[in-house]
Amino acid sequence: MNRHGFIKLSRKFFGNELWTQPRVYSQAEAWIDLIQLAYFDTTPKKKFIGNIEVSWQRGQYPASIRYLAKKWEWSPATVRSFLNRLQKREMITLDHSQGMNIITLCKYDLYNLSDTVAHTAYSTRSSIANPNTDRPLDLAVTQQKHNLPHSKNTNIKKEKEGKEEKKNTPPTSPEGAETDNNKYDWVMNEFNRIFSGKIPPIHIMDEKRKKTIDWRIKDYGTDSIDQVFENLFNAPFWQNKQAENEKIDFDWIMRRRNYVKLLEKNFKNLYQNGKYKKTS
């Protein structure tokens, strides 16, 4: 079997029912999805996603952990582990400096060569590891941007490129915070779901809580909320100190000092002598 070169795949395939049917994605499908989701234009993009202004470039894609978890029908922990694995294999890089995951495909230009370049440049073979195996995975998602004459076909070319750009512009939801109300509802629902039966649920999202959530997202990104909840749930003292759990509530978790320690898994100063430290 010939494992050299590319398999050219039209973007129209990703609108086909074979691809869009609801399912749990395999790791290979998730990787292909990242390739086709990445922004292909050479002009940098800037846009508000929820209440966060995000910029990204060719070969990049802004997406929160919870968005990918919902899209691929995975748990947030599985998505995080998968992205970390790709990063270790130097297939992607992750940047959180804008308050949201910016995923960069390390060899994006290699996957999107033009017809002419693809014919010659790939005589010196480059490959990328499949996240499931050590076999090479060479996949080109064609951009449908062929060389058209600069006459009557110019408008057709621009129209086609415009449609492709819209396809590759991440929708406002659900990557980011969606609307503010949806963002707050999501945080409340995630907290109640994860800590059901362990920490008293919350039912009111007042202005003080909303403001606190906004500050935590601004400083540490939307994905940090999932990470903090997950770190607390898996904290080493959790199982042995269930009787003390009523001392922890939503507001305690969201306090800046506690939030940072939970995000960094710094549990040592959170729990002392059978009591959770009260912090301001």
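Select Leu 94 and look across to strand S6: the residue standing opposite is Ile 103. This is a predicted model, so treat each stop on the tour as a look at a prediction.

**Stop 1**

Another pair to pick out is Ile 92 with its bridge partner in S6, Leu 105. Strands of a sheet pair through backbone hydrogen bonds, so display those bonds if your viewer can draw them.

Follow the chain from S5 towards S6. The two strands form a hairpin with six residues between them. In that turn, click on Gly 99, which has a positive phi of about 85°.

**Stop 2**

What is the order of the three strands? They run S4-S6-S5 in an open sheet, and the pairing is antiparallel. S4 (60-62) and S5 are the edge strands, each pairing on one side only. From one strand to the next, the twist averages 20°.

**Stop 3: helix H4, across the strands**

Next, select residues 76-88, which make up helix H4. H4 lies across S5 and S6, and runs at about 120° to S5.

Colour the buried residues of H4: Val 79, Arg 80, Phe 82, Leu 83 and Leu 86. Why do they line one face of the helix? Look down the axis of H4: the buried residues fall within an arc of 165°, so they line one face. They pack against helix H2 (27-37), helix H3 (65-72), strand S5 (92-95), strand S6 (102-105) and helix H10 (223-233). Before you leave, find Glu 90, which follows H4 and has a positive phi near 60°.

**Stop 4: two of the packing partners**

Select H3. Six of its eight residues are buried, so this helix is largely enclosed by the rest of the structure. The buried ones are Ile 65, Arg 66, Tyr 67, Leu 68, Ala 69 and Trp 72. Just after H3 comes Glu 73, with a positive phi of about 60°.

Then move to H10, which is mostly covered: nine of its 11 residues are buried. Among them are Asp 223, Ile 225, Val 228, Phe 229 and Leu 232.

**Stop 5**

Is Asp 33 buried or exposed? At 0% relative accessibility, Asp 33 counts as buried. Setting aside residues up to four places away in sequence, Asp 33 touches Trp 19, Tyr 25, Lys 71 and Trp 72.

Hop to Trp 19, which lies in helix H1 (residues 17-20). Trp 19 counts as buried too, at 7% relative accessibility. Leaving out residues up to four places away, its contacts include Phe 13, Phe 14, Ile 32 and Gln 36. Glu 29 is also among the residues that Trp 19 touches; the C-alpha atoms of Trp 19 and Glu 29 are separated by 9.4 Å.

**Stop 6: the nonpolar cores**

Finally, select Phe 191, Phe 195, Ile 213, Ile 225, Phe 229, Phe 250 and Ile 253. These have the most contacts inside the largest nonpolar core, which has 32 residues. Strand S3 (52-56), helix H8 (180-194), helix H9 (207-220), H10, helix H11 (250-254) and helix H12 (256-263) each supply at least two residues of this core. Which helix gives the most? H8 does, with six residues.

Zoom in on Ile 213. Apart from its neighbours within four places in sequence, Ile 213 is in contact with Tyr 184, Val 187, Met 205, Ile 225, Phe 250 and Met 254. A second, separate core of 30 residues includes Trp 19, Ile 32, Ala 38 and Met 91.

**Last stop: zoom out**

Show the complete chain, with its 12 helices and nine strands. Of its 280 residues, 42% count as buried.

How values were computed
Residues numbered from 1 in each chain as written. Predicted model: local features only at pLDDT ≥ 70, side-chain atom pairs only at ≥ 80, totals over all residues. Heavy atoms only, no water. Helix = DSSP H or I, 4+ residues; strand = E, 2+ residues; numbered from the N terminus. Expected span 1.5 Å × (residues − 1). Buried < 20%, exposed > 50% of the residue type's maximum accessible area, 1.4 Å probe, protein only. Arc of directions from axis to C-beta. Contact = heavy atoms within 4.5 Å. Core = buried A, V, L, I, M, F, W, Y, C linked by side-chain atoms within 4.5 Å. Pairing = 2+ DSSP bridges. Axes fitted to C-alpha atoms, helices over the stretch in contact; angles between N-to-C directions.
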